[in-house]
Amino acid sequence: MTENPRKDGYLTGQLLVAMPQMLDDRFIKTVIYICTHTEDGAMGLVVNKVFEEIDFPNLLDQLGLSTSTGGDDIQVHFGGPVESGRGFVLHSADYQQDATMVIDEQIALTATTDILRDIADGEGPKSSLLALGYAGWGPGQLDSEIQANGWLSVDSDQNLVFGKDPDKTWKVALAKIGIDASMLSGDAGHA
């Protein structure tokens with residue numbers, strides 16, 4: 001039941017929604033924005049898991065960035081288990097610098113400290129999500145996980161990616177393709 005509107009078979013710019021039978025604790029009930037997916041593998045950022053113990057002002061202090069404003073309301077997300085000390089900003093495409101990777105006409109990715117400073121100073125993108133770490137898959141790995149019913153793909157939209165209530169993102173993403181999360185079971189059925 002995986003939706004895939006892309007003719008090339010790759011999921012760049014799509015959302016992955018973890019199915020209830022997901023066994024990896026790091027990905028239970030996650031929604032991942034796929035930044036890139038090619039024959040060489042895939043990379044994405046979890047958009048609905050927030051670090052409670054890390055806040056934006058502390059992160060700026062740790063990086064030695066001084067800013068004119070605090071950014072107290074900015075959440076820091078668990079982007080995935082790979083390179084957990086590395087920061088990424090998924091953001092609206094209205095903001096771009098030389099190091100920005102434009103994913104589609106609405107969303108881009110930047111991984112420099114300049115964007116953090118700009119966000120803190122109120123000069124960053126209209127919408128953004130700050131994540132530490134990322135989710136990565138080797139060649140064919142993501143495709144295998146999808147075929148094993150570990151993930152569904154869903155068309156991305158900015159409300160899901162940049163939503164202010166990450167706790168509801170998983171259910172909302174499933175509802176977008178007509179699935180009621182309360183009707184799903186983690187148990188595999190056998191005929």
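Q: Which strand gives the most residues to the lining of the largest pocket?

A: Rolling a probe the size of a water molecule over the atoms shows where empty space is left. Here a pocket is an open set of points on a 1 Å grid over the protein atoms alone, where a 1.4 Å probe fits, with protein on both sides within 12 Å along at least five of seven lines; lining residues have an atom within 4 Å of a point. In the largest pocket, strand E9 gives the most, with three residues. Strands (E, at least two residues) and helices (H or I, at least four) are DSSP runs numbered from the N terminus. Both E5 (75–78) and E9 (128–137) supply at least two residues of this lining.

Q: On what kind of model do these values rest?

A: The model is predicted: local features need pLDDT of at least 70 and side-chain atom pairs count only at pLDDT 80 or more, whereas totals for chains, interfaces and linings use all residues. Residues are numbered from 1 along each chain as its sequence is written, and side-chain values use heavy atoms, with hydrogens and water left out.

Q: How much space lies in the largest pocket, and which residues lie nearest its centre?

A: The space is about 330 Å³, where a volume is that filled by probe spheres set on the grid points, joined across faces, edges and corners. Of its 16 lining residues, Asp73, Ile74, Gln75, Ser128 and Lys164 lie nearest the centre. By class, seven are nonpolar, six polar and three charged. Nonpolar covers Ala, Val, Leu, Ile, Met, Phe, Trp, Tyr, Cys and Pro; charged covers Asp, Glu, Lys and Arg; the others, Gly among them, are polar.

Q: How does one describe the second largest pocket, and how much space lies in it?

A: About 240 Å³ lies there. Its lining has 17 residues, and Leu63, Gly85, Arg86, Gly87 and Leu132 are the closest to its centre. Strand E6 (82–92) gives the most, with five residues; helix H1 (56–62), helix H2 (113–120) and E9 each supply at least two. The lining divides into 10 nonpolar, six polar and one charged residue.

Q: Which residues of H2 are buried?

A: Buried means under 20% relative accessible area, exposed over 50%, and partly exposed in between (1.4 Å probe, protein chains only). In H2, the buried residues are Ile115, Leu116, Asp118, Ile119 and Ala120. These pack against H1, E6, strand E8 (107–110) and E9. Just after H2, Gly122 takes a positive phi of about 75 degrees.

Q: What value does phi take at Lys29 and at Glu83?

A: Most residues other than glycine have a negative phi. In Lys29, however, phi is positive, near 55 degrees, and in Glu83 it is positive, near 50 degrees. Lys29 sits in the loop between strand E1 (14–18) and strand E2 (31–38), and is partly exposed at 46%. Glu83 belongs to strand E6 and is partly exposed at 42%.

Q: Is Thr30 buried or exposed?

A: Thr30 is buried because its relative accessible area is 0%. Its place is in the loop between E1 and E2. Contact means heavy atoms within 4.5 Å; beyond its neighbours within four places in sequence, Thr30 has contacts that include Leu16, Val46, Trp151 and Trp170.
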